[in-house]
Amino acid sequence: MLGLKLPTDPRWVNIVEKNIDEILTDHAYCEQKAASTAISLIVSFPEYPELIEEMIALSREEMGHFKMVHDRILARGKTLGRDRKDEYVLQLVTFFPKGGSRTTQLVHRLLYAALIEARSCERFRLLSEELEDKELAEFYHKLMVSEASHYTMFLKFARQYGVKSEVDKKWEDLLTFESEIMKNLGDKELIHG
């Protein structure tokens, strides 16, 4: 369903389970960044009312997820750690050249967002199926369902605002590029790393 060309090695969950606090902190910041992305799209592309409405709802939902993760951190007797660079995203956003028309820039940003959400969904699925902590596994199952709808929404908008055949080609190329990035990741307790 997600179209990812290189699935995450299930042993990644073993790394996560050794330091749940780290994955929760990283996850909290991923939710905050997703909300920021939605707000950034509103600010950058105000001429797309349908997109704006969806991004308003998405920013609220992502901040709700941030709170849910933050609450779990507090319940564990911890505090939110510091944010760290997301090497996955830093590498991913080098795929498309900078510049181009406003429409091209929008399509590229939507495709990046779709792929980040797809990878998050895939990772949440693994956590929901493999974590020994069943309560946390159920929490990730619920988030997985939400992330799947985000991925499809971003992809739908990219196809709506761009030329569908060109968008589909860019999407396939981006998926291939992402699979190369993933070959060198998966050894840390990070949502994307």
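1. Let me start with Lys188, which counts as partly exposed at 45% relative accessibility (buried is under 20% relative accessible area, exposed is over 50%, and partly exposed falls in between, with a 1.4 Å probe and protein chains only). Lys188 forms a salt bridge with Asp187, and the closest N and O atoms are 3.9 Å apart. A salt bridge here is a side-chain nitrogen of Lys or Arg within 4 Å of a carboxyl oxygen of Asp or Glu.

2. Some ground rules. This is a predicted model, where local features need pLDDT of at least 70 and side-chain atom pairs count only at pLDDT 80 or more, while totals for chains, interfaces and linings use all residues. Residues are numbered from 1 along each chain as its sequence is written, and side-chain values use heavy atoms, with hydrogens and water left out.

3. Back to the charges: the structure has 18 salt bridges. One of them joins the side chains of Asp21 and Lys78 at 3.7 Å, N to O. Asp21 is in helix α2 and Lys78 is in the loop between α3 (49–75) and α4, so this pair ties together parts 57 residues apart in sequence. (Helices are DSSP runs of H or I with at least four residues, strands are runs of E with at least two, and both are numbered from the N terminus.) Asp21 is partly exposed, at 23% relative accessible area, and Lys78 is partly exposed too, at 40%.

4. Glu180 and Lys183 make another salt bridge through their side chains, at 2.9 Å, N to O. Glu180 counts as partly exposed at 42% relative accessibility, whereas Lys183 is exposed at 53%.

5. Helix α2 spans residues 20–44 and includes Thr25. Thr25 is buried, with 5% relative accessibility. Setting aside neighbours within four places in sequence, Thr25 is in contact with Ile73, Thr79, Leu80, Gly81, Arg82 and Arg84; contact means heavy atoms within 4.5 Å.

6. Worth a look in the viewer: His27, also placed in helix α2. His27 is buried, at 0% relative accessible area. The His27 side chain makes a polar contact with the side chain of Glu31 at 2.7 Å. (A polar contact is a pair of N or O atoms within 3.5 Å; within protein, one must be able to donate a hydrogen and the other to accept it, and residues adjacent in sequence count only if both atoms are side-chain atoms.) Not counting residues up to four places away in sequence, His27 touches Val69, Phe124, Phe139, Tyr140, Leu143 and Ile191.

7. Phe139 turns up again with a charge: the charged end of Arg72 sits over the Phe139 ring, 4.2 Å from its centre. Lys156 does likewise with Phe157, its charged end 4.3 Å from the ring centre. The test is NZ of Lys or CZ of Arg within 6 Å of the ring centre and within 35 degrees of the ring normal.

8. Now the rings: there are 9 aromatic pairs in the whole structure. Rings of Phe, Tyr and Trp (its six-membered ring) pair if their centres lie within 6.5 Å, and planes under 30 degrees apart are stacked, over 60 edge-to-face, and the rest tilted. Phe96 and Tyr112 have ring centres 5.2 Å apart and planes at 55 degrees, so they are a tilted pair. Phe96 is in the loop between α4 (87–92) and α5 (102–130) and Tyr112 is in helix α5, so the pair ties together parts 16 residues apart in sequence. Phe96 is buried at 9%, and Tyr112 is buried at 10%.

9. Last point: Phe45, Tyr48, Phe157 and Tyr161 are linked into a cluster by ring pairs.
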